[in-house]
Amino acid sequence: MAISFEKAFGIHPQSLQVRAKRAEVIASNIANADTPGYKAKGMDFKAALAQATSKQQSGMTRTNEKHFDVRMELNNGVGYRVPDQPDTGDGNSVDVQVERNLYLENSMEYQASLQFLNGKIKGLRKAITGGQ
Amino acid sequence: MSLFNVFSISGTGMSAQSVRLNTTASNIANADSVSSSVDQTYRARHPVFAAEMQKAAAGQNESVGVQVLGVVESNKPLNVEYAPDHPMADGEGYIYKPNVNVIEEMTNMISASRSYQTNVQLAESAKNMLNKTLTLGQR
């Protein structure tokens, strides 16, 4: 019986990827908390994870710069947030408190995924070394 | 790896906020700089923030940092005071004081320093996440 790492790790590697991307989106919101006209972005985690697992990053390779760019632009589940207050005076829709909490939550969930992966790796190692 | 981008994004946030702190310090330091003509009077200056949209357009990146487009001087009228005894008074006995609102600057300073701290914390926790990832699978 061959060990399939892909099967053993399950959804967690993709989950890590999506969480890292989400951390980036939230970091961008917080960095632009004082930028006039900036609209906060959020991530549809379900859609992003589904896309990461199905690996639908299809597209044609461009070997010449004159080739048309026919990549399918899938939007990675990123969209604009619906702001809590209609107008903040300068068109900025970032709520720093909300974003900070989301970032914290995302970082904890990232570490949870890492723990799961660690457990899987430990199990595999035990299987390989025979528990020695 | 998008976690590394968190460092650059929060880095842009930190540098933008430090420009803001810098202008605030300059404004407060010069709040009482008196001069004898309109042209030579210090005017409150504030940075203009903008999202780094041209970088977002170049890559298919949704997350963008912040940049300082420039520093603009306030157009508010200067405080003109009649003080003929003042050594800097002009021919008609007026002195010109900057249009700095010290209270506004203080709140600006608090806001900038809090934003700076938030960006530092972002980078810190991204560092922790990366550290944990690097030690993945080690005993």
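How many helices and strands are there in chain A? Chain A has four helices and two strands, where helices (H or I, at least four residues) and strands (E, at least two) are DSSP runs numbered from the N terminus. Along the sequence, they follow the pattern α-α-β-α-β-α.

Before we go on, hello everyone, and a word on what is on the screen. This is a predicted model, in which local features need pLDDT of at least 70 and side-chain atom pairs count only at pLDDT 80 or more, while totals for chains, interfaces and linings use all residues. Residues are numbered from 1 along each chain as its sequence is written, and chains are lettered from A and ligands numbered from 1 in the order in which they are written.

Let's stay with chain A for a moment. Of its 132 residues, 29% are buried; a residue is buried if 20 or more other C-beta atoms, placed from the backbone, lie within 10 Å of its own. Now take the contacts in chain A with a separation of 6 or more: 80% of them join residues 24 or more positions apart. Two residues are in contact if their C-beta atoms, placed from the backbone, lie within 7 Å.

Just after helix 4 of chain A, G130(A) takes a positive phi of about 70°.

Which partners do the buried residues of helix 4 of chain A pack against? They pack against helix 1 (5-9) and helix 2 (12-31) of chain A, together with helix 3 (102-134) of chain B. Among those buried residues are L102(A), Y103(A), N106(A) and Y110(A).

Take helix 2 of chain A as a partner. Its axis comes within 9 Å of the axis of helix 4 of chain A, and the two cross at roughly 160°; axes are lines fitted to C-alpha atoms, for helices over the stretch in contact, and angles run from 0 to 180 degrees between N-to-C directions. That makes helix 2 of chain A roughly antiparallel to helix 4 of chain A, because angles over 145 degrees count as roughly antiparallel, and those under 35 as roughly parallel. Residues of helix 2 of chain A in this contact include L16(A), A23(A) and I30(A).

Now for chain B. The axes of helix 4 of chain A and helix 3 of chain B come within 10 Å and cross at roughly 10°, which means that these two helices are roughly parallel. Y103(A), S107(A) and L114(A) are among the residues that helix 4 of chain A brings to this contact, and L122(B), S125(B) and M129(B) are among those from helix 3 of chain B.

Helix 3 of chain B has 33 residues, which should span 48 Å, and its end C-alpha atoms are 48 Å apart, so the two values agree. Its buried residues include N119(B), L122(B) and A126(B). What covers the buried residues of helix 3 of chain B includes helix 2 and helix 4 of chain A, together with helix 1 of chain B.

Finally, the whole interface. There, 29 residues of chain B are in contact with 29 residues of chain A. On the chain B side, helix 3 of chain B gives the largest share, nine residues.

Key. A residue is buried if 20 or more other C-beta atoms lie within 10 Å of its own, exposed if 12 or fewer, and partly exposed in between; C-beta atoms are placed from the backbone. Angles under 35 degrees count as roughly parallel, over 145 as roughly antiparallel, 65 to 115 as roughly perpendicular and the rest as oblique. The expected span of a helix is 1.5 Å times one less than its number of residues.
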